[in-house]
Amino acid sequence: MNIPKWCFLIPSCLIMVLAAWYAFPAEQPRDSEAVSVQDTKLSQPPVNPVIQREGRTVRIEMTAQVTDVEISKGVVYNAWTFNGTAPGPVLRVKEGDMLEFTLKNMDPNMPHSMDFHAVHAAPSQKFVDVMPNEQGTFTYPANTPGVFMYHCGTSPLLLHVANGMYGMIIVEPKAGYPSDPDIDREYTIVQSEWYKQNDLDAIRDGDAEYVVFNGDDYSLKEHPLLAKAGDKVRLYVSNAGPNHVSSFHVVGTTLDRVYLDGNPQNVLYGLQSVLLPASGGAVVEFTVTEEGDYPILTHQLNDAAKGAVAVLRVTSDGLDNGEPAMSH
Ligand SMILES: [Cu+2]
């Protein structure tokens, strides 16, 4: 039987259409909502998260809200956030804790939700949308130690994460890390991308305007992380993406120990850089032997050039000498 060649094109076209539909379901209505948020210039002041421990249960109350954040000097982004900052607050719990999590959705325009990478839960039951001006409470255990991402899981996911709805949760290992006694100081760094607001093509293409640590491209240079010569430093690092990987690197040292995703069992020694996939995390430990400025960056150098650089300032007393930071 002779089948005309064009017949073979039909299934592949169909697959492409279906793939596009699955990738961005119900996107159009949400896009118009995003624009309307811009038009109303809604900016809700940051709200502190409520965190209360009762035995092994940790009650966490967070908000979803729309807040202006400064992502570069003088550049304001009308972000969708947890608690009014992007990244959202760093959460710290212990392996084996039960999280009783409440999301208050203060955004009057659209639903939001919470997806904790640190927990075991049925997403269709416990990572579900919380409607505008409503709240939802969900309970799940955090049984895996490590450094995890959390993010809004509402569709279209890409837009909610690109607009600022992500953060870090540290689940401390029950027995700690074997290197705990060696560590002199520790910091947290979340890498993420900012795109031109409401430019869905740029977001989909991964064409970021800024790639940043802890939400902007200047704070960790103007206010460097600090250490004393000889210190062993620990960084809890998370790459929120949404689209880029991070080749996390500290200039002027080697990484004595890296616990991939922050799990004490995933230990690597003597690395020069650690690759963090989008959503990946690590505990990174290193020694700074001499005084001076040590840039911290993603060695994806195009992303470093877009802002993903911090400075660790090492002085004799661990205090800031106030000098301008080394540029890199
Ligand atoms: Cu959201």
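In strand β9, I170 is the bridge partner of V147. Strands here are DSSP runs of E with at least two residues, helices are runs of H or I with at least four residues, and both are numbered from the N terminus. Two strands count as paired if DSSP finds at least two bridges between them. The model is predicted: local features need pLDDT of at least 70, side-chain atom pairs count only at pLDDT 80 or more, and totals for chains, interfaces and linings use all residues. Residues are numbered from 1 along each chain as its sequence is written.

β8 and β9 sit in an open sheet of 4 strands with the order β4-β9-β8-β6 and mixed pairing. Its edge strands are β4 (91-94) and β6 (115-116), and each pairs on one side only. In general, strands of a sheet pair through backbone hydrogen bonds, either parallel or antiparallel.

Follow β8 to its end. The strand covers 146-151, and the loop from β8 to α4 (157-162) holds C152. C152 counts as buried because it has 27 C-beta neighbours inside 10 Å. The cut-offs are these: a residue is buried with 20 or more other C-beta atoms within 10 Å of its own, exposed with 12 or fewer, and partly exposed in between, with C-beta atoms placed from the backbone. Beyond four places in sequence, C152 touches A64, H112, S113, M114, H160, V161 and M165. Contact means that two C-beta atoms, placed from the backbone, lie within 7 Å.

M165 comes from the next loop, between α4 and β9 (166-172). M165 is buried because 29 other C-beta atoms lie within 10 Å. Setting aside residues up to four places away in sequence, its contacts are W80, T81, F82, H112, H151, C152 and H160. In the unreviewed UniProt entry, "binding site" covers H112, H117, H151, C152, H160, M165 and H299. UniProt positions follow the numbering used here, feature names are shortened, and annotations may be inferred rather than shown by experiment.

Turn to another sheet. It is open, has 5 strands in the order β12-β20-β19-β14-β17, and its pairing is mixed. β12 (225-228) and β17 stand at the edges with a single partner strand each, so one side of each has no neighbour in the sheet. From one strand to the next the twist averages 20 degrees, with axes fitted as lines to C-alpha atoms, for helices over the stretch in contact, and angles running from 0 to 180 degrees between N-to-C directions.

Look at β14 (residues 246-250) in this sheet. β14 pairs antiparallel with β17 (residues 273-276) over 4 bridges. There, F248 has V274 as its bridge partner. β14 also pairs antiparallel with β19 (residues 292-298), over 3 bridges. In β19, V250 is bridged to I296, and F248 stands opposite T298.

F248 also leads toward V237. Outside four places in sequence, V237 touches V147, I189, F248, L276, G281, A282 and V284. V147 is the bridge partner of I170 from the opening. V237 is also among the residues that touch the most other members of the largest nonpolar core, along with I169, A282, V284 and L312; this core has 77 residues. Such a core is a set of buried Ala, Val, Leu, Ile, Met, Phe, Trp, Tyr and Cys residues joined through C-beta atoms within 7 Å. Strand β2 (residues 57-72) gives the most to this core, with 6 residues. Domain 1 (30-172) and domain 2 (180-315) each supply at least three residues; these bounds come from an automatic or database domain assignment.

One further stop is Y210, in strand β11 (residues 210-213). Y210 counts as buried because it has 20 C-beta neighbours inside 10 Å. Its contacts beyond four places in sequence are I71, S72, W194, D217, K306 and G307.

Last, the whole chain. It comprises 7 helices and 20 strands. Buried residues make up 41% of its 328 residues. Among contacts with a separation of 6 or more, 71% join residues 24 or more positions apart.
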